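Dear colleague,

I am handing over the structure below, together with notes on what was found in it. Please read the notes with the coordinates open beside them.

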Amino acid sequence: MPVARPESRAFRAIAWLVRHLLFAIFRYEWSGARHLPAQGGFIAAANHATELDALTFAHYLFDQGYEPRILAKRSLFTTPVVGWVLRATNMIPVDRGTADAGRSLEAAREQLGDGACVAIFPEGTITRDPDLWPMEGKTGLARIALATRMPVVPVAQWGATAALPRYGRMLRPWPRKRVQVAAGPAVDLSDLYDRPMDAATLREATSRVMDAITELLAQLRGEPAPSARFDLRKHPEYAAKRTVYPPVERP
């Protein structure tokens, strides 16, 4: 297994500790690693059903030989322990709900240009779908993908909610829980590269990625996905919290 070898000693120490902890909690079933690019930067996009997903997502990528850069809300970077870990592992802060949200997109673009693996939860938060299916994604991923023209690899994961339910506070580590993580073929967005980066283009790119993630998840769960995705934009309480991203210039 080609475990990543980051230059940062702090990154290596944190990865060693977290990997052993996660292996003690989960019985992993990983698949689809052949779809991850052998070289060059790429975007890995996954579903999000519990706070543990960031760890299982990063673990999967790390043990395939990549150093994932996960987009996380900026407030986490100022917490005493978690903040230090995020800074030490070069994760990317996101200014949710402000005009500064574009800074995280630029940071992600720069890291992609350096050949990194930027890991994103396109939904922007934990799914609100009653049955934990992926909900409609936000367009931040589409903006990065269309601006950089980097491959977008869909990743589905399932099982971590058995250890920590959505918004749960009590971790149930034992007995070890089965967690499945699978990557699929890169989503084809090539026909959108030269189109205006307007709302229609961004929504089309986002939908393609979410469709690919949902299809993978349906295979892991062994059941059909809902015919329509849960959409936060249709809920009045969400309207005032929508993130407005500034335009992103093409390179």
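Arg-221 has a relative accessibility of 16% and therefore counts as buried, where buried means under 20% relative accessible area, exposed over 50% and partly exposed in between, computed with a 1.4 Å probe on protein chains only. Its salt-bridge partner is Glu-223, with the closest N and O atoms of Arg-221 and Glu-223 3.2 Å apart; Glu-223 has a relative accessible area of 36% and so is partly exposed. A salt bridge is taken here as a side-chain nitrogen of Lys or Arg within 4 Å of a carboxyl oxygen of Asp or Glu.

Please bear in mind that this is a predicted model, in which local features need pLDDT of at least 70 and side-chain atom pairs count only at pLDDT 80 or more, while totals for chains, interfaces and linings use all residues. Residues are numbered from 1 along each chain as its sequence is written, and side-chain values use heavy atoms, with hydrogens and water left out.

Salt bridges

The whole structure holds 10 salt bridges. One of them joins the side chains of Arg-19 and Asp-63, at 2.6 Å from N to O. Because Arg-19 belongs to helix 1 (residues 9–25) and Asp-63 to the loop between helix 2 and strand 3 (68–73), this pair ties together parts that are 44 residues apart in sequence; helices (H or I, at least four residues) and strands (E, at least two) are DSSP runs, numbered from the N terminus. Arg-19 and Asp-63 are both buried.

A further salt bridge is formed by Glu-136 and Arg-203, whose closest N and O atoms are 3.7 Å apart. This pair also links distant parts of the chain, since Glu-136 is in the loop between strand 5 (117–120) and helix 5 (140–148) and Arg-203 is in helix 6, 67 residues apart. Glu-136 and Arg-203 belong, with Asp-211 and Arg-229, to a network of salt bridges.

When neighbours within four places in sequence are left aside, Arg-229 is in contact (heavy atoms within 4.5 Å) with residues including Pro-134, Met-135, Glu-136 and Ser-207.

Strand 5 and its partners

In strand 5, Cys-117 and Ala-119 point one way while Val-118 and Ile-120 point the other way, and all are buried. Strand 2 (residues 42–46) runs parallel to strand 5 and is joined to it by 4 bridges, with Ala-45 having Ile-120 as its bridge partner. Strand 3 and strand 5 also pair in the parallel sense, over 3 bridges, and Pro-68 stands opposite Cys-117; strands are said to pair if DSSP finds at least two bridges between them. In the loop between helix 4 (101–113) and strand 5 lies Asp-114, which counts as exposed at 70% relative accessibility.

Cores and aromatic pairs

The largest nonpolar core has 30 residues, and among those touching the most other members are Phe-26, Phe-42, Phe-57 and Val-155; such a core is a set of buried Ala, Val, Leu, Ile, Met, Phe, Trp, Tyr and Cys residues joined through side-chain atoms within 4.5 Å. Helix 2 gives the most to this core, with 4 residues. Helix 2 (residues 53–62) is itself largely enclosed by the rest of the structure, because 8 of its 10 residues are buried.

There are 8 aromatic pairs, where rings of Phe, Tyr and Trp (its six-membered ring) pair if their centres lie within 6.5 Å, and planes under 30 degrees apart count as stacked, over 60 as edge-to-face and the rest as tilted. Phe-23 and Tyr-28 form an edge-to-face pair, at 5.9 Å centre to centre and 85 degrees between the planes. The rings of Phe-57 and Phe-121 have centres 5.4 Å apart and planes at 45 degrees, so this pair is tilted. Phe-57 and Phe-121 are both buried.

Best regards
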